[in-house]
Each structure stands twice: as structure tokens, then as C-alpha cells.
Amino acid sequence: MSTKAARPTTGKLELIATFVRVVETGSFTAVANEQESTQPTISRQVSALERLLNVRLLQRTTRALTLTEEGRAYYERALAVLDAVGEADASVRPGASAVTGTLRVAASLAFGRLHILPRLGRFHAAWPKVRTELVLGDRSVNLVEERIDVAIRIGTIRDESLIARRIGETRRVAVAAPAYLEGRERPRHPEDLADHECIVLASDSALDAWTFRATAEGAAAEETVTVKVSGRLSVDASGAIHEAVLEGFGIALTPTWQWRDEIAEGRLVRLLERFEPPPTPIHVVYASRRMVTPRVRAFIDFIARDFAADPVLAGRGVASAAALGIT
């Protein structure tokens, strides 16, 4: 009797690919839309794979799909199989490595306007056959449902279905306009913010608690303090905070990448110089390793290199501050 493991048939590979996409999207319907099929058809394909394996891979309820223990183990192995097949196909397919086509990139409105859009000219110069659709907005888009190839996200990535690559880091500082500070005592410690008007995002109530750590020059090493802030103005878009601060509505906690000349020219004043919140990571995320086309890979590598060369986005401590005239 042969000891060689049975090789999957073409039909079985299709079932495996469908199962993996169902796990990645968490939805039969999303995969049906991708494949221009129907939800019952996708469900039957997963059921057929379970019958072939004689094991249940997914627990189905009216509200969610959940991997069984066996399903989780099979999913990890299935990813490796499909990655290997994809690499084999790409190695012999004529023109497979050509960087062409339309690339859909998502980012927040302020960050995309300031740090993605200005870089696209050089990206297009390097890859002239790529067309880019830049999708900007402060809501978190669903990459699969909205056909987004890659997104730039700031903060911790909690969605385990996404592949994330850390490409940078941003510092945040407390700032205010001179007009707001006129006649008021400047805060020297984060706890002093309780006596001030602070501007927060209306879309996230958790953002009215600001956490600071003492910097290297701080009065108390390792000191961490969280303060509850409030004010008469909140906004529903992060970019609007920029204008609200300049108009003198209060103090804001903002990323250093959002300010260019305002601090150096005196239109804004940095406050709490001895304290900063912990730095926030910047990630590029995409839905699946197997969905990384040559144009997606080219963009990810380009933006990672470019961010690493930018001291504001690389989070190099004092260098980031110096680039903005912050001391």
C-alpha cells in the first residue's frame, strides 16, 4: 500500500478556497457576492467539504459563523495549501508579475489627504500602469464588501480576519490657539485639563479620557495619568478638530502628522510639553495573503519605505517633534 498522502482534486481545491473565504469574511453572502453566486450555493460547498472530511468545520447560527476546533486547525493548513498553489500558478503564468490594474486604497480623510495623496504621484511614476482609487473617510470600511485592496489604519488592529503590517508610528500632543489661552492659565500637568475646554470626537465617547506618560524630561519618571476631559464642542470628524483648535474653541489632543506650519508660526501652542500619550501604531491592512496582487504588494512596499523615511510617521521621538518645530 502506498504511503503517499492523497492529493486534493481540482474540485476539492475549489471547496477549500470557498471555505477559507467564508472564514475570512465571516459570511456566506459576502463570498457569494465575490463569486457572483448565491448564499445557498456557497453553504452547500462548505457542507460538501465537511462531508468529504467527515468533520464539522463551522458552527452555524442565525447570527454568526464560528469555527470548530477542527475547523480552526483545518483553516490554518488550508491557507498554506492555497498559498502554495497560488505561488505555483504565478511562477508559470505569463505576465503574472506585471504591476497593472486598479488599486483601491482606503484611509481616514485627514491622514489620506495629508500623507497618502501627496505620495501617489511618485507611486504612479514608479508603476505607470496602475490606476488608484483613493477612498477617504473616518468610518472603518469593510474591505471585502467595499472591494478595498488595502487600507491605512491608525491604532491597534482588533479584526483578526485582516492581515496587518506595521509601517509607522504617530505621536500626539496637546495644542491650543493663542486666542484660547489668552486670559487663561496654561495647563502644566494633565490633571489641569479638568479646568479647560477640550475638543473630542463625538463619534467615540471613549476618547474623552486622555492618557499621558511623562517624557524623558518629565518631572516623574514612568508617571502615567489618565484624565477625563470635557468641553462645549465635539466634532464627528477628526479633520475638523484641526479647524476647531485654530478657531480657539479649546485644547485638542492631536497627532503630530496633522500639523505642519501652525506651531512654528505661532498659530498654535504646544501644551504639557513634559507629557505625551503613548505612541500609536500605523498599519497597512488587507483582507487575505492570497489576495495580494502585484499592484497591492508594490503599494505596500512603497508606502512602508516612504513612511520609514519620514520622521513624523516613523515616530523617531525628538526628530518627529523637530520636523514640526516642536521642542
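Predicted model: local features only at pLDDT ≥ 70, side-chain atom pairs only at ≥ 80, totals over all residues.
Colleague: How many salt bridges does a search of the whole structure find?

Modeller: The search finds 17 salt bridges.

Colleague: What makes the contact between Arg139 and Glu146 a salt bridge?

Modeller: The side chains of Arg139 and Glu146 meet at 2.9 Å, N to O. The cut-off is within 4 Å for a side-chain nitrogen of Arg and a carboxyl oxygen of Glu, so the pair qualifies.

Colleague: Why does Arg139 count as exposed?

Modeller: Arg139 has 55% relative accessibility. Exposed means over 50%, and therefore Arg139 is called exposed.

Colleague: Why is Glu146 called partly exposed?

Modeller: Glu146 has 23% relative accessibility. Because this value lies between 20% and 50%, Glu146 is partly exposed.

Colleague: What makes Arg232 and Glu197 a salt bridge?

Modeller: Their closest N and O atoms are 3.0 Å apart, and the limit is within 4 Å. The pair links distant parts of the chain, 35 residues apart. Arg232 is in the loop between strand E10 (224-228) and strand E11 (234-235), whereas Glu197 is in the loop between helix H6 (178-181) and strand E8 (200-201).

Colleague: Why is Glu197 classed as buried?

Modeller: Glu197 has 19% relative accessibility. Buried means under 20%, so Glu197 is buried. Arg232, at 75%, counts as exposed because the cut-off is over 50%.

Colleague: Are Glu276 and Arg270, which meet in a salt bridge, buried or exposed?

Modeller: Both Glu276 and Arg270 are buried, and their side chains meet at 3.0 Å, N to O.

Colleague: Which residues do salt bridges with shared partners join into one network?

Modeller: That network consists of Arg119, Arg122, Asp306 and Asp310.

Conventions. Residues numbered from 1 in each chain as written. Heavy atoms only, no water. Buried < 20%, exposed > 50% of the residue type's maximum accessible area, 1.4 Å probe, protein only. Helix = DSSP H or I, 4+ residues; strand = E, 2+ residues; numbered from the N terminus.
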